[in-house]
Amino acid sequence: MEDPAKLPPQPNNGVDDDDDESSATVLDLTSFQLHDLESVDLPPSLTELDLTANRLSALDPRIEHLSHLKKLSLRQNLLDDAGVQPISHWDEISGLKELVLRDNRLTKIPDLSIFRRLLVFDVSFNEISLLNGLSTVSNMLKELYVSKNEVSKIEEIDHFHELQILELGSNRLRSTKHIYIEKVMENLQNLTILQELWLGRNRIRAINLCGLKCIKKISLQSNRLTSIAGLEECVALEELYLSHNGIAKMEGLSALVNLRVLDVSSNKLTAVNDIENLPQLEDLWLNDNQITSLEGIAEAVSGSRDKLTTIYLERNPCVLGRCFSNIFVLLTVSWDVHGTLNCDDILVCALKVFIRTL
């Protein structure tokens, strides 16, 4: 007799067991390692179907008839282009709002032209090299995830006027002296209400994000940047992540008056500049740079005294050799009665951290 504990769960909609199962709206089959859905009942009333972490290589044709379906997750399966292809013709589920194909074996964007109400589309962790096909995706899309693929150029996204989140980290986006950043980031300027842009772990050498006046989070970690210039018009920006690049100078930051988190760790900075007028700044990551002195840091953060709570300075020359060179130097900032912070205050904070580790 088959172990009941290993059987897929019955669909539910959060109501009592006595209610008619045919009216169930949610079915979660995450991590059942299913090769197919033959043993699973798919009520026509389903609005959400989660098939994450199974062994599916083809789509069950019964999914086509789930006319109320709004969310479909096929994350972490074995689906290739041919395995996903049937969904392009399933008109009965054209009202789908969220489609997750993350972590499969896709090499191209599937045809999603029938899904005119799609709001979330995720094809991260596949083998996609071109964004060809995005032009047919709904212009109502709000979230697009294409991280950890092999994409070398941002294209066919200029019609996504409602897009709020764009994730393209860990791809092959690059710019050189012969291929300007405008070509790499083609049509980003049309994403006028974009809130989050994730481009970490690419090969980008320069920034040109002028026009993204509503954006709140930008990640350009682990690229090949040597300058911060190009962010001046991103005046709504709250979080900026630029670690693991080759940036030698802090510049172009003074206009980012809403910035709360600034991460410029693991760069080539020798001094702290251009952040004097950032009143909302709370966290400042400066670790793993080449800052030789604590002189000037007090003045640099003077405009943030009402909000700033933490500065990270680990593995900089200014803290090496002060008997706490190998510890994590986290400065919990405190201001005196005059509203000022001097180098002695900074050293005291650092020393307190050191003492707590003894």
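Student: Why is Glu 239 called buried?
Tutor: Glu 239 has a relative accessibility of 12%. Buried means under 20% relative accessible area, exposed means over 50%, and partly exposed lies in between (1.4 Å probe, protein chains only). The value of 12% is under 20%, so Glu 239 counts as buried. Keep in mind that this is a predicted model: local features need pLDDT of at least 70, side-chain atom pairs count only at pLDDT 80 or more, and totals for chains, interfaces and linings use all residues. Residues are numbered from 1 along each chain as its sequence is written, and side-chain values use heavy atoms, with hydrogens and water left out.

Student: What makes Arg 260 and Glu 239 a salt bridge?
Tutor: A salt bridge needs a side-chain nitrogen of Lys or Arg within 4 Å of a carboxyl oxygen of Asp or Glu. For Arg 260 and Glu 239 the N to O distance is 2.9 Å. That is within 4 Å, so the pair qualifies. Arg 260 sits in the loop between β10 and β11 (261–263) and Glu 239 in strand β10, so the bridge ties together parts 21 residues apart in sequence. Strands are DSSP runs of E with at least two residues, and helices are runs of H or I with at least four, numbered from the N terminus.

Student: Which residues are linked with these two in a network?
Tutor: Salt bridges link Glu 238, Glu 239, Arg 260 and Glu 282 in a network.

Student: Why is Arg 260 called partly exposed?
Tutor: Its relative accessible area is 24%. That value falls between 20% and 50%, so Arg 260 is partly exposed.

Student: Why does Glu 155 have no salt bridge?
Tutor: Lys 153 is the nearest side chain of opposite charge, and it is 4.4 Å away. Lys and Arg count as positive, Asp and Glu as negative; His and the chain ends are not counted. A distance of 4.4 Å is not within 4 Å, so there is no salt bridge, although Glu 155 is buried. Glu 155 lies in the loop between β6 (143–145) and β7 (165–167).

Student: How do you know that Trp 198 and Tyr 241 are an aromatic pair, and what makes it stacked?
Tutor: The structure holds two aromatic pairs. In this one, Trp 198 and Tyr 241 have 6.3 Å centre to centre and 20 degrees between the planes. Trp 198 lies in strand β8 and Tyr 241 in strand β10 (residues 239–241), so the pair ties together parts 43 residues apart in sequence. Rings of Phe, Tyr and Trp (its six-membered ring) pair if their centres lie within 6.5 Å; planes under 30 degrees apart are stacked, over 60 edge-to-face, and the rest tilted. Both values pass, so this is a stacked pair.

Student: What makes Trp 285 and Tyr 312 stacked?
Tutor: Their ring centres are 4.2 Å apart and their planes meet at 20 degrees, so the pair is stacked. Trp 285 is in strand β12 (residues 283–285) and Tyr 312 in strand β13 (residues 310–312), 27 residues apart.

Student: Is Leu 191 buried or exposed, and how do you know?
Tutor: Leu 191 has a relative accessible area of 0%. That is under 20%, so Leu 191 is buried. Contact means heavy atoms within 4.5 Å. Leaving aside neighbours within four places in sequence, Leu 191 is in contact with Ile 157, Phe 160, Leu 163, Leu 166 and Leu 212.
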